[in-house]
Every structure is written in C-alpha cells, then in structure tokens.
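Q: Please take a close look at a single part of this model. Then set that part in the context of the whole chain.

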Amino acid sequence: TSMLATLTIHLHLPGCASLKEKRGRIKPFMARLRREFNLSVAELGLQDQWQQAIIGCAMIGNQHAYLDSAMQTVSHWVEANWTDGDVIEQQMEFIL
C-alpha cells in the first residue's frame, strides 16, 4: 500500500517589506526543494502576510521508513538552507 508523507514548514522572513519581495525569496527556495528532493512543494498559507510563509512538501511512497528518512532529510536541509530568516515550526504527517 502506498502512503503520503507531508512536511509543513512555517517560515519567518524578517525585514520583508512587500508581497513581491516575499515571493522573490520564497519561489527560488521552493524550486530548489523540488529540484533537490523531487517532491511536490506549494505555499499553503499566510499568502497575504509579508513576513511569514507556510510551505507544504509532499511525497508518495510505499515504505514508511523510506518516507520518514526522506522527510527528515528535507527537514534538516530546510534548517540549514533557509538563510532569509527563521524556521518557526516544521510538522511531519504520514497518511495511509
């Protein structure tokens, strides 16, 4: 059976002064996540707030251990590579 793994990432962008500036920081980050890890990535919430963003990542697979390991890797990569501000929270879920 296949399952879905999701990682929800709440980001803080201090000093961001417009939605255009926010998009300019978020879009390349999401594109790099897609390229590096071959997952689906979308901005899920707080689209109207300049200094915060919620990004969702999703991956489908048939082994919980593999998905858990892959999403942990993504989570650590986000912590190391999000240099425009702070990672407020990350939440992982697995759905059968």
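A: At 2% relative accessibility, Cys 57 counts as buried. The cut-off is under 20%. This is a predicted model, and the values here are computed from it.

Cys 16 is buried as well, at 1% relative accessibility. Do the two sulfurs pair or stay apart? The sulfur of Cys 16 has its closest cysteine sulfur in Cys 57, 19 Å away, which is too far for a bond. A disulfide would need the sulfur atoms within 2.5 Å. The count of disulfides is therefore zero.

Now the part to look at closely: helix H1. It spans residues 19-37, which makes 19 residues. From its first C-alpha to its last it reaches 26 Å, close to the 27 Å expected at 1.5 Å a residue.

Next, its buried side. The buried residues of H1 are Lys 22, Arg 25, Ile 26, Phe 29, Met 30, Leu 33 and Phe 37. Seen down the axis of H1, these residues fall within an arc of 125°, so they line one face of the helix.

Just after H1, Asn 38 takes a positive phi of about 55°.

Finally, the setting. The protein chain has two helices and four strands. From the N terminus on, they run β-α-β-β-α-β. The radius of gyration is 14 Å, close to the 12 Å that the globule rule gives for 96 residues, so the chain is as compact as a globular protein of that length. Its C-alpha atoms fill a box of roughly 45 × 25 × 20 Å along the principal axes.

Buried residues make up 35% of the 96. Among contacts with a separation of 6 or more, 70% join residues 24 or more positions apart. The accessible surface comes to about 5600 Å², and 50% of it belongs to carbon and sulfur atoms.

Note on methods:
Residues numbered from 1 in each chain as written. Predicted model: local features only at pLDDT ≥ 70, side-chain atom pairs only at ≥ 80, totals over all residues. Heavy atoms only, no water. Expected span 1.5 Å × (residues − 1). Buried < 20%, exposed > 50% of the residue type's maximum accessible area, 1.4 Å probe, protein only. Arc of directions from axis to C-beta. Rg over C-alpha atoms; globule rule 2.2 N^0.38 Å. Contact = heavy atoms within 4.5 Å. Areas by Shrake-Rupley, 256 points an atom, 1.4 Å probe, with all protein chains shown as cover.
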